[in-house]
Amino acid sequence: VFTGRSQESGEALASELGNQTIAVLDAAISSMTAREIGEEYGYRGKYAERRGVQMIDEALDRLAECLAA
């Protein structure tokens with residue numbers, strides 16, 4: 001996420017993104033599935049998968065907003 005950035009600007013970006021967004025992005029680039037991500041946040045079954053996808057999309061949108069600023 002922070003490739004090509006100084007440590008200070010990386011820390012500023014992390015602060016803007018927030019812990020949950022960073023956690024979701026980290027999980028998304030790991031081997032976790034959307035369903036597993038949803039389950040990490042307390043959702044179950046098919047709804048966990050749907051929420052996982054939604055959480056990943058929201059985290060990517062937030063990252064794009066922060067990088068565009």
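Student: Which residues form the largest nonpolar core?

Tutor: A nonpolar core is a set of buried Ala, Val, Leu, Ile, Met, Phe, Trp, Tyr and Cys residues joined through side-chain atoms within 4.5 Å. Buried means under 20% relative accessible area, exposed over 50%, and partly exposed in between, with a 1.4 Å probe and protein chains only. Here the largest such core has twelve residues: L13, L17, V24, L25, A27, A34, I37, M55, I56, A59, L63 and C66. Two or more residues come from each of α1 (7-17), α2 (19-28), α3 (34-40) and α4 (45-68). The greatest contribution is that of α4, with five residues.

Student: On what basis are the model and its values to be read?

Tutor: The model is predicted, so local features need pLDDT of at least 70 and side-chain atom pairs count only at pLDDT 80 or more, whereas totals for chains, interfaces and linings use all residues. Residues are numbered from 1 along each chain as its sequence is written, and side-chain values use heavy atoms, with hydrogens and water left out.

Student: How many helices and strands does the chain have?

Tutor: Helices (H or I, at least four residues) and strands (E, at least two) are DSSP runs, numbered from the N terminus. The chain has four helices and zero strands, in the order α-α-α-α from the N terminus. Its C-alpha trace spans about 40 × 20 × 15 Å along the principal axes.

Student: What share of the residues is buried, and what share of the contacts joins residues at least 24 apart?

Tutor: Of the 69 residues in the chain, 26% are buried. A contact means heavy atoms within 4.5 Å. Among contacts between residues at least 6 apart in sequence, 39% join residues at least 24 apart.

Student: Why does I56 count as buried?

Tutor: I56 counts as buried because its relative accessibility is 19%. This residue of helix α4 touches V24, A28, A34 and I37, not counting residues up to four places away in sequence. I56 and A68 are twelve residues apart in sequence, and their C-alpha atoms are 18 Å apart in space.

Student: Where does A48 lie, and which residues is it in contact with?

Tutor: A48 lies in helix α4 and, at 0% relative accessibility, counts as buried. Leaving aside neighbours within four places in sequence, A48 is in contact with A34, R35, G38, E39 and Y43. The C-alpha atoms of A48 and I37 are separated by 7.5 Å, with the two residues eleven apart along the chain.

Student: Which backbone oxygen does the side chain of T21 reach?

Tutor: A polar contact is a pair of N or O atoms within 3.5 Å; within protein, one must be able to donate a hydrogen and the other to accept it, and residues adjacent in sequence count only if both atoms are side-chain atoms. The side chain of T21 reaches the backbone oxygen of L17 at 3.1 Å. T21 is in helix α2 and counts as buried because its relative accessibility is 15%. T21 also touches A59 and R62, not counting residues up to four places away in sequence.
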